[in-house]
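Here's a quick tour of this one, taking the pocket, then a helix, then the core. Have the model open as you read.

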Amino acid sequence: LKFIGDFDYKNINDLIKIIKDSLKDFKSFPYSINLKLGAFPNLEHARIVFAEIKDGRKNFEDIFNFIDKNLKKIGIKKDERAFKPHITLARLKKINNIKDAVSNIDVLINQALICSSITLFESILKPSGAEYIILKNFNLL
């Protein structure tokens with residue numbers, strides 16, 4: 001939902017409390033993804049390939065906005081970019097034009113998706129790629 005950036009571990013308990021408090025009134029919800037793939041910053045200069053959230057989009061936006069607003073309490077700036085709910089599928093090492101490559105690819109999931117938790121994790125950048133470590137799971141009601 002949100003990239004926090006460099007963060008001082010001495011404040012990790014404050015961060016966890018703010019996220020926990022931000023999520024206390026949110027319940028699990030169903031969502032689905034668009035069939036067509038997208039990319040950041042765009043298909044012609046792709047660095048990140050994603051499937052955009054379709055149904056359930058508003059729920060993700062509400063959670064993001066609430067967390068983003070509350071993180072100001074510990075000095076984490078609000079995001080300048082518009083939030084776009086998505087599922088990251090790939091990170092590309094170099095910028096690529098993938099417009100033609102993804103034009104005939106549809107993402108199909110034959111099962112209902114449920115968002116039942118939000119995860120706080122740390123990403124450690126390595127030459128082989130990012131390593132992700134789960135710091136805390138926050139279950140939704």
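**Pocket, helix and core**

The largest pocket has 47 residues in its lining, and Leu1, Lys2, Phe3, Arg91 and Phe121 are the ones nearest its centre. Keep in mind that this is a predicted model.

**The largest pocket**
- The space inside comes to about 2,100 Å³.
- Six elements each put at least two residues into the lining: the helices α1 (12–23) and α2 (57–70), plus the strands β3 (46–53), β4 (86–96), β6 (117–126) and β7 (129–139).
- β6 has the largest share of that lining, at nine residues.
- By type, the lining splits into 30 nonpolar, 10 charged and seven polar residues.

**Helix α2**

**The largest nonpolar core**
- This core counts 30 residues, with Leu23, Ile63 and Leu140 having the most contacts inside it.
- At least two residues each come from α1, α2, β1, β2 (33–40), β3, β5 and β6.
- α1 is the top contributor to the core, giving six residues.
- Setting aside neighbours within four places in sequence, Leu23 is in contact with Ile63, Ile67, Ile118, Phe138 and Leu140.

Terms used:
Residues are numbered from 1 along each chain as its sequence is written. This is a predicted model: local features need pLDDT of at least 70, side-chain atom pairs count only at pLDDT 80 or more; totals for chains, interfaces and linings use all residues. Side-chain values use heavy atoms; hydrogens and water are left out. On a 1 Å grid over the protein atoms alone, a cavity is a set of points where a 1.4 Å probe fits but cannot get out, and a pocket is an open set with protein on both sides within 12 Å along at least five of seven lines; lining residues have an atom within 4 Å of a point. Grid points are joined across faces, edges and corners, and a volume is the space filled by probe spheres set on the points. Helices (H or I, at least four residues) and strands (E, at least two) are DSSP runs, numbered from the N terminus. Ala, Val, Leu, Ile, Met, Phe, Trp, Tyr, Cys and Pro count as nonpolar, Asp, Glu, Lys and Arg as charged, and the others, Gly among them, as polar. A nonpolar core is a set of buried Ala, Val, Leu, Ile, Met, Phe, Trp, Tyr and Cys residues joined through side-chain atoms within 4.5 Å. Buried means under 20% relative accessible area, exposed over 50%, partly exposed in between (1.4 Å probe, protein chains only). Contact means heavy atoms within 4.5 Å.
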